[in-house]
Amino acid sequence: MLTSHQIEQYKEDGAVIVPGILDAATCKLMKDVLAELVEGSRGVTAHTDVYDLEPGHSAADPRVRRIKKPHVVNPVFYDFAKSKVLTDCLRQLIGPSGRLYGSKLNLKSPGYGSPVEWHQDWAFYPHTNDDVLAIGVMLDDTTVANGAMYVIPGTHKGPTFDHHGPDGYFTGGMDAEACGVDFSKAVACEGPAGSCSFHHVRTVHGSAQNTSNRPRGLLLYEVAAGDAFPIMGLGSAYGNYEGYKERLLYGTETITPRFREAPVRLPLPPAKNQGSIYENQTAGKRYFGFVEPPSM
Ligand SMILES: O=C(O)CCC(=O)C(=O)O
């Protein structure tokens, strides 16, 4: 359970970091599964439904940027999303029911793990109300050096920023110069392995390249209140209504969405570079530096 101080911080800042949520045994299991998955990526040469690859990936030197939908790939990831320790926290932050909209496991390998440009998740998946958040489960000790995610406190109460390029297409990234956000206020979500960050769906966030010699694994669960309905429809996240119902993590199902006003910009026309946020953002401007990794 979260303390009243932690709940207050989430409401005020749009993010809170809570240590000690993922137990060491489950963390090890997840990392073992992850190591096997990375090993398996030697057999692929392009992005797949499971792998998003770093530039320079090869069979000899496998470089995975993201495991897509880990909750589908191995039950250890779905089971933890449904665990009491997480759903107790979710109840306190988004209310009496919650649904897993999606999951992803972003790896930042030592030396080259890619940055993620500033964005709001809300720009990708607006809902009928904004009781929607992402949980970042830290699988490694996480600091600025190995690419901790940054959040800009208070931005969840402000506008929904433009995530489109000059040609009008969605890029999934903000123009850091034009948007007027004060990035000097960024707070790094640091913590020992097993810590979780909870960030509001409208909170501006991003992260730099990992230039350290330590990995940074961040398992992200995107969770919407059970009565927050995705404005873009069920298709891309759930497939269909059966899939939608199956992803209720806790609470009671409803077909009565709750509406609460929040500024929305649709992610349309869709990004020219499809596949993942990394691909979408290649069409936009860069804020975080990126040093091309040496290939083997
Ligand atoms: O991996 C990170 O540091 C940030 C991830 C993120 O914001 C995303 O994948 O949408």
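Me: Strands (E, at least two residues) and helices (H or I, at least four) are DSSP runs, numbered from the N terminus. Which residue stands opposite Cys 196 in strand 9?

Reply: This is a predicted model: local features need pLDDT of at least 70, side-chain atom pairs count only at pLDDT 80 or more, and totals for chains, interfaces and linings use all residues. Residues are numbered from 1 along each chain as its sequence is written. Strand 6 (residues 132–138) runs antiparallel to strand 9, joined to it by five bridges. Opposite Cys 196 stands Val 137.

Me: Which residue of strand 9 is the bridge partner of Val 16?

Reply: Strand 1 (residues 15–18) pairs with strand 9 in the antiparallel sense over four bridges; pairing requires that DSSP find at least two bridges between two strands. The partner of Val 16 is Phe 198.

Me: How many residues of strand 9 are buried?

Reply: A residue is buried if 20 or more other C-beta atoms, placed from the backbone, lie within 10 Å of its own, exposed if 12 or fewer, and partly exposed in between. In general, side chains in a regular strand alternate between the two faces of the sheet. Cys 196, Phe 198 and His 200 are buried on one side, and Ser 197 and His 199 on the other. Strand 9 (residues 196–200) is largely enclosed by the rest of the structure, because the buried residues number five of the five.

Me: Where does Lys 69 lie, and what is its phi?

Reply: Lys 69 occupies the loop between strand 3 (64–68) and helix 3 (70–73). Most residues other than glycine have a negative phi. Lys 69, however, has a positive phi, near 45 degrees.
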